[in-house]
Amino acid sequence: MKKTPSLFYQSLVVALIAAVSALLISVTHDLTDEARRQSTYSEEQKALKELLGTNFDNNPCAEKILISSPDSEEKLEFYPARRAKTIKSFAIKSYSDFAPGGRMEIMVGFNIDGSIIGSKILSAPHNIIKPAGNKASISSLAVNDAVNRAVGAYKKLNSGGLQ
Amino acid sequence: MKDKNLSCLTKGIIRENPVLTMLLGLCPVLGVSTTAAGSLSMGLTTLLVLVCSAASVSFLKNIIPPRFRLLCFLIIISAFVSTADILISAYLPRLHKTLGIYLPLIVVNGIILNRTELFASQNNLKSAILDALGMGTGFTLIITVLGIFREIVGAGTLLGFRLLPDSALILLLPPGAFFALACLFIVFNRLRKVC
């Protein structure tokens, strides 16, 4: 009759398999860190170009700052678009947790007077987008919430004066 | 011996197709198959995870404790799915967005657990890899055919190119997925009688 290995040996094997698996994941994560950062950066650049056009001569991504959210401790990203060192327009990266299935991130573009130029969804939980990718099908409650949060953050920031 | 290897490889494509004979992996088949490209990507990712998991389980089968075998299989499968997830998010971000939640959900894909538990853990490395390749190809074939059908009829396009002037949007919605799968079952059952 085959002898059953001890519980210690069995636990050791499970722990070893788990350790090797964790190592594989962490090595892959470290090796792809730069590529992931690049893809996020280029996505932000693309969204900024779509929202703010080309009427700026700086790199808003390089000058982004963190600003207070109107309703939570979480910070939002503020992207100033300058021409001749003066802010002509700007964008705020906001979010909403009202999207069914998780967090939705959105970039909202503003003119310098605070009027909204437009918004672009950066990431959304898969199940709130219709298969055809119809933008109108994104949960309107979540989009409203995210845009309102960006507007609130702008108002809060503007009370201190935009430079 | 050669026939056995060939049988390991081909049985999963039509004769024992995991989706159409065992109804395994239906969640991604119904959820992701709205476009041909998305379906093919999902199929290939699953195929890759299946082959790597089956190879690892077959290689480690003698040291995996029987009492904890399912736990070990799930750890191994999760590791490969997470690795695929990280790689796709870094190098193919658009595809990562398209696959969404269905990519991490490969961990609980019934085909992978079924093949590792029933085949890879009891056979040698070569047979396990061939079986995984065949089953993965069968899964990829079904999800891609379904994706092509739903994209053409539901959106009137194929790989983004317009083919039909009009489309039946219902095919892109969840009820349409079941309808398309039912059509595929009819074709498959006819085909199986011929084969």
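Predicted model: local features only at pLDDT ≥ 70, side-chain atom pairs only at ≥ 80, totals over all residues.
Trainee: Why are helix H1 of chain A and helix H4 of chain B called roughly parallel?

Mentor: Their axes, for residues 7-31 of chain A and residues 69-91 of chain B, come within 9 Å and cross at roughly 0°. Angles under 35 degrees count as roughly parallel, and H1(A) and H4(B) are therefore roughly parallel to each other.

Trainee: Which residues make that contact between H1(A) and H4(B)?

Mentor: From H1(A) the residues include A:Val14, A:Ile17, A:Ser21, A:Leu24 and A:His29, and they meet a set in H4(B) that includes B:Leu71, B:Ile75, B:Phe80, B:Thr83 and B:Tyr91. By class, the contact of H1(A) with H4(B) has 15 nonpolar, five polar and no charged residues.

Trainee: How many residues does each chain give to the whole contact, and how much area is buried?

Mentor: Chain A contributes 25 residues and chain B contributes 29 residues, while the area buried between the two chains is about 2,200 Å², with 73% of it on carbon and sulfur atoms.

Trainee: How many salt bridges does the rule find across that interface, and how many are there over all chains?

Mentor: Across the interface of chain A and chain B the rule finds zero, although the structure holds 15 salt bridges over all chains.

Trainee: What makes the pair A:Arg37 and A:Glu34 a salt bridge?

Mentor: Side chains of opposite charge can pair when their charged atoms come close. The rule asks for a side-chain nitrogen of Lys or Arg within 4 Å of a carboxyl oxygen of Asp or Glu, and for A:Arg37 and A:Glu34 the N to O distance is 3.4 Å. The two residues are three residues apart in helix H2 (residues 33-52) of chain A, so they are separated by about one helical turn.

Trainee: Why is H4(B) called oblique to helix H6 of chain B?

Mentor: The axes of H4(B) and H6(B), the latter covering residues 110-118, come within 11 Å and cross at roughly 130°. The roughly perpendicular class spans 65 to 115 degrees and the roughly antiparallel class begins over 145, with the rest counted as oblique, which makes H4(B) oblique to H6(B). Their crossing is right-handed, and among the residues in contact are B:Arg69, B:Phe73 and B:Ile77 of H4(B), together with B:Ile112 and B:Glu117 of H6(B). By class, this contact has six nonpolar, one polar and two charged residues.

Trainee: At what angle does helix H3 of chain B pack against H4(B), and which residues meet there?

Mentor: H3(B), residues 36-60, packs with H4(B) at about 145°, with the axes 9 Å apart, and the crossing is right-handed. The contact includes B:Val49, B:Cys52 and B:Leu60 of H3(B), and B:Phe73, B:Ile76 and B:Ile88 of H4(B). By class it has 11 nonpolar, three polar and no charged residues.

Trainee: How do you know which residues B:Phe185 touches?

Mentor: Contact means heavy atoms within 4.5 Å, and, leaving out residues up to four places away in sequence, B:Phe185 touches B:Val19, B:Leu20 and B:Leu23.

Note on methods: Residues numbered from 1 in each chain as written. Chains lettered and ligands numbered in written order. Heavy atoms only, no water. Axes fitted to C-alpha atoms, helices over the stretch in contact; angles between N-to-C directions. Helix = DSSP H or I, 4+ residues; strand = E, 2+ residues; numbered from the N terminus. Left-handed = near helix turned anticlockwise from the far one by under 90°. Nonpolar A, V, L, I, M, F, W, Y, C, P; charged D, E, K, R; others polar. Buried area = accessible area lost by both parts, 1.4 Å probe.
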